[in-house]
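Please look at the sequence and the model together.

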Amino acid sequence: MSLPGDWSEAVDPKSGRTYYINVATKQTQWNKPTTSQPTPPQPSSQSSHLPDGWEERYDEGSGRNFYINHNTRTTTWERPTIHSPSRSSYAPSPAPAPSPAPAPSPSPNSP
């Protein structure tokens with residue numbers, strides 16, 4: 001039986017097991033794909049609108065997209081959004097209180 005569409009077959013060098021690669025989506029799986037399997041959705045067209053350091057990926061097991069924060073090395077099902085900073089974040093922080101003046105040192109001629 002031939003592989004559907006964009007799928008190709010490869011062998012894992014460590015285990016010797018055959019796995020399958022969808023060359024269009026870069027998806028890999030151990031089970032041989034069939035023609036009846038739906039092609040997983042591509043990351044949404046809004047992927048380029050993710051905050052810096054984020055990446056969108058597809059989870060074959062759940063059939064859902066998930067998001068990777070490469071900055072913190074965490075993942076989430078919730079799509080991160082780019083928030084515009086509020087005006088208050090541009091307000092300058094208050095200046096620190098001045099340090100007290102040093103106490104005068106006693107004069108050597110003082111009684």
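The sections below cover the basis of the model, its strands, its surface and its side-chain pairs.

## Basis

This is a predicted model, in which local features need pLDDT of at least 70 and side-chain atom pairs count only at pLDDT 80 or more, while totals for chains, interfaces and linings use all residues. Residues are numbered from 1 along each chain as its sequence is written, and side-chain values use heavy atoms, with hydrogens and water left out.

## Overall content

The chain has six strands and zero helices. Both are DSSP runs numbered from the N terminus: helices are H or I with at least four residues, strands are E with at least two. In sequence order the pattern is β-β-β-β-β-β.

Of the 111 residues in the chain, 16% are buried. Buried means under 20% relative accessible area, exposed means over 50%, and partly exposed lies in between (1.4 Å probe, protein chains only). The chain exposes about 9,100 Å², with 53% supplied by carbon and sulfur atoms; the areas come from the Shrake-Rupley method with a 1.4 Å probe, and for residues only the protein chains shown count as cover. Among contacts (heavy atoms within 4.5 Å) between residues at least 6 apart in sequence, 20% join residues at least 24 apart.

Strands count as paired if DSSP finds at least two bridges between them. β1 (residues 7-11) and β2 (residues 18-22) run antiparallel and are joined by five bridges. Tryptophan 7 has asparagine 22 of β2 as its bridge partner. Six residues lie between the strands of this hairpin, where glycine 16 takes a positive phi near 80°.

β2 also pairs with β3 (residues 27-29), in the antiparallel sense and over three bridges. Here asparagine 22 stands opposite glutamine 27. The hairpin of β2 and β3 has four residues between the strands, and lysine 26 takes a positive phi near 70°.

β4 and β5 run antiparallel, joined by six bridges. Arginine 57 has phenylalanine 66 in β5 as its bridge partner. Four residues separate the two strands in their hairpin, and glycine 63 in the turn has a positive phi of about 75°. Five of the six residues of β5 are buried.

β5 pairs with β6 as well, antiparallel over three bridges, and tyrosine 67 has threonine 76 in β6 as its bridge partner. In this hairpin, with four residues between the strands, arginine 73 takes a positive phi near 60°. Threonine 72 is in the loop between β5 (64-69) and β6, and is partly exposed at 47% relative accessibility. Its side chain meets that of threonine 74 in a polar contact of 2.7 Å. A polar contact is a pair of N or O atoms within 3.5 Å; within protein, one must be able to donate a hydrogen and the other to accept it, and residues adjacent in sequence count only if both atoms are side-chain atoms.

## Salt bridges

A salt bridge is a side-chain nitrogen of Lys or Arg within 4 Å of a carboxyl oxygen of Asp or Glu. By this rule there are two salt bridges. One joins arginine 57 and glutamate 55, at 2.7 Å from N to O. Arginine 57 is partly exposed at 41% relative accessible area, and glutamate 55 is partly exposed at 24%.

Arginine 79 forms a salt bridge with glutamate 56, with the closest N and O atoms 3.7 Å apart. This pair links distant parts of the chain, 23 residues apart: arginine 79 is in the segment after β6 (74-76), and glutamate 56 is in strand β4 (residues 54-59). Arginine 79 is partly exposed at 24% relative accessible area, whereas glutamate 56 is buried at 7%.
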